[in-house]
Amino acid sequence: QVQLVESGGGLAQAGGSLRLSCAASGHTFSRYAMGWFRQAPGKERDFVAAITNSWTGTNTYYGDSVKGRFTISRDDAKNTVYLQMNSLKPEDTAVYYCAAAYTGSGNLYTTRRYDYWGQGTQVTVSS
């Protein structure tokens, strides 16, 4: 069982930056692949970024709309995954969710891959 708690959301100006954090409970965090998704009002939950565990190479993946602007990272000693968001746009406004997927093969772009979800944190970008 894993519990996830996001933090770091808030208000930002277009072109600005925010860093989101997701703190995980338990003792097996390092075994999980981690992802970030976002959901704007009236829209589906959209893939943002994912990162695999250390023994699969700590590989990272990004959605097309954020590639080059966002960076996902993890600190297994702190049971925490981060999303550094730079060059923010109003279109980035959404509730951001972190999620955990137990080690295995498969596409991390889909919500179905993930076993645990956080409660979300609001990000609002003004123009």
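Predicted model: local features only at pLDDT ≥ 70, side-chain atom pairs only at ≥ 80, totals over all residues.
Colleague: How many helices and strands does the protein chain have?
Modeller: The protein chain has 0 helices and 11 strands. Read from the N terminus, its elements run β-β-β-β-β-β-β-β-β-β-β.

Colleague: What radius of gyration does the protein chain have, and what would a compact globule have?
Modeller: A compact globule with 127 residues would have a radius of gyration near 14 Å, and the protein chain agrees with this because its own value is 14 Å. The C-alpha trace spans about 40 × 25 × 25 Å along its principal axes.

Colleague: What share of the residues is buried?
Modeller: Of the 127 residues in the protein chain, 43% are buried. The protein chain exposes about 6,600 Å², of which carbon and sulfur atoms supply 47%.

Colleague: And the contacts: what percentage comes from residues 24 or more positions apart?
Modeller: Among contacts with a separation of 6 or more, residues 24 or more positions apart account for 58%.

Colleague: Turning to Thr28, where does it lie?
Modeller: Thr28 lies in the loop between β3 (18–24) and β4 (32–39).

Colleague: What separates the C-alpha atoms of Thr28 and Leu108?
Modeller: The C-alpha atoms of Thr28 and Leu108 are separated by 19 Å, and the two residues are 80 residues apart along the chain.

Colleague: Last topic, the charges: how many are positive and how many negative?
Modeller: The protein chain has 12 positive and 9 negative charges, and their mean positions are 3 Å apart.

Terms used. Residues numbered from 1 in each chain as written. Heavy atoms only, no water. Helix = DSSP H or I, 4+ residues; strand = E, 2+ residues; numbered from the N terminus. Rg over C-alpha atoms; globule rule 2.2 N^0.38 Å. Buried < 20%, exposed > 50% of the residue type's maximum accessible area, 1.4 Å probe, protein only. Contact = heavy atoms within 4.5 Å. Areas by Shrake-Rupley, 256 points an atom, 1.4 Å probe, with all protein chains shown as cover. Lys, Arg positive; Asp, Glu negative; His and termini not counted. Charge placed at Lys NZ, Arg CZ, Asp CG, Glu CD.
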